[in-house]
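Please keep the sequence and the model in view while reading.

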Amino acid sequence: MAIESIPIVDFSNFKTNPEKVAQEVVDACKSIGFFYMINHDIPQSDIEKAFALSKEYFDLPTEEKHWILKYNDKEIIKNNKPFAPLPSVFDKEKEFLCYFSKKCHATALQILIAFGIALEIPEENGGKEFFSKSHSYDKSASVLRFLKYPRGGEAAYKDHVRAGAHSDYGSITLLFQKDVPGLEVQASRTEWISAPLIPGAILVNVGDAMELWTNGLFKSTIHRVTFLPEHNHLDRYSMPFFFHPDDNVPLTPVPSRFVNQTLSSTGDHAYTSGEYLRRKLDATYNYAAKKNSN
Ligand SMILES: O=C(O)CCC(=O)C(=O)O
Ligand SMILES: [Fe+2]
């Protein structure tokens, strides 16, 4: 049966009825790979503030934004520290940004706890904390990203697809959308359906590492961003929080009676989370380099 919409999961009952909420989360992850999380713990005022900072940054003159590119040099990346100093727009709000990214982390952990509950992970393997204990705040590649899709002009951006079809690489992604819709999801692996804006909701999706870890039980679904003609005069801002397991976590089948324990023949399961991400990034950037040289 075709999947026509993305389910909404209400987390206000997660404390009182965790099994029910967890089951809804896992049903969504097994079918469409996306769900809206409502009644989460991130205040709307914080989300608005983060969007305002993003806009403040993108509104800077281009030359001011370009200075950061000079730091885009491998030698600057040392001990996993940021590769460049923060632009002043963000530096002055460092405390808030730290707080906000920790809120995203804590919210994503709740979803992972739901996975642990519904997949009935045995206690000896970590029980409901099986996934969450593998996602520490500062030891993974998790990242909060601020994105802007500039409005189209007469000639520019004739192509209505503004972020090409892709799947995400990590375990899960939390997406904050604002004002302008545009995300489309390849439901049922064939048809595109739109992911409308639901005020206050966070759109959550499964990434490739989680699909691999659950041996295909959860679906890392392809999605893209398109602009409808009526939105072409508007800038679109979004904030994805890409959540990744710690680099050293092996992506071997999750110990759950719902997860097929037979290894696939592709050999992907031998990878740790860090190796898997590196492989994906290499494939992406080699591809980009080849495409740009054509
Ligand atoms: O901007 C969006 O709404 C989606 C972005 C996205 O899918 C991504 O950055 O992976
Ligand atoms: Fe994505």
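Which protein residues are the donors of the iron ion (ligand 2)? They are His166 (NE2), Asp168 (OD) and His223 (NE2), which lie 2.1 to 2.2 Å from the iron ion, where donors are N, O and S atoms within 2.8 Å of the metal (3.2 Å for Na, K and Ca) and, water not being among the atoms, sites may look incomplete.

This is a predicted model, in which local features need pLDDT of at least 70 and side-chain atom pairs count only at pLDDT 80 or more, while totals for chains, interfaces and linings use all residues. Residues are numbered from 1 along each chain as its sequence is written, chains are lettered from A and ligands numbered from 1 in the order in which they are written, and side-chain values use heavy atoms, with hydrogens and water left out.

Along the sequence the iron donors follow the spacing H-x1-D-x54-H. Histidine 166 in strand β5 (residues 161-166) and histidine 223 in strand β10 (residues 223-226) are 57 residues apart, so that the pair links distant parts of the chain; helices (H or I, at least four residues) and strands (E, at least two) are DSSP runs, numbered from the N terminus. Histidine 223 is buried, with a relative accessible area of 5%, whereas histidine 166 is partly exposed at 31%; buried means under 20% relative accessible area, exposed over 50%, and partly exposed in between (1.4 Å probe, protein chains only).

The shell around ligand 1 includes His166, Asp168 and His223 as well as Leu147, Val225 and Phe242, a residue being near a molecule if one of its heavy atoms lies within 4 Å of it. Strand β11 (236-243) gives the largest share of this shell, four residues. The table lists polar contacts, that is, pairs of N or O atoms within 3.5 Å.

| Side chain | Distance to an oxygen atom of ligand 1 |
|---|---|
| Tyrosine 149 | 2.6 Å |
| Histidine 166 | 2.9 Å |
| Arginine 236 | 2.9 Å |

Of the 290 Å² of accessible area that ligand 1 has on its own, the protein covers 91%, as computed by the Shrake-Rupley method with a 1.4 Å probe.

Elsewhere, strand β7 (residues 183-187) and strand β8 (residues 191-194) run antiparallel and are joined by four bridges, two strands being paired if DSSP finds at least two bridges between them. Glutamate 184 stands opposite serine 194 in β8, and in the hairpin of β7 and β8, with three residues between the strands, serine 188 has a positive phi near 55 degrees.

Key: A polar contact is a pair of N or O atoms within 3.5 Å; within protein, one must be able to donate a hydrogen and the other to accept it, and residues adjacent in sequence count only if both atoms are side-chain atoms.
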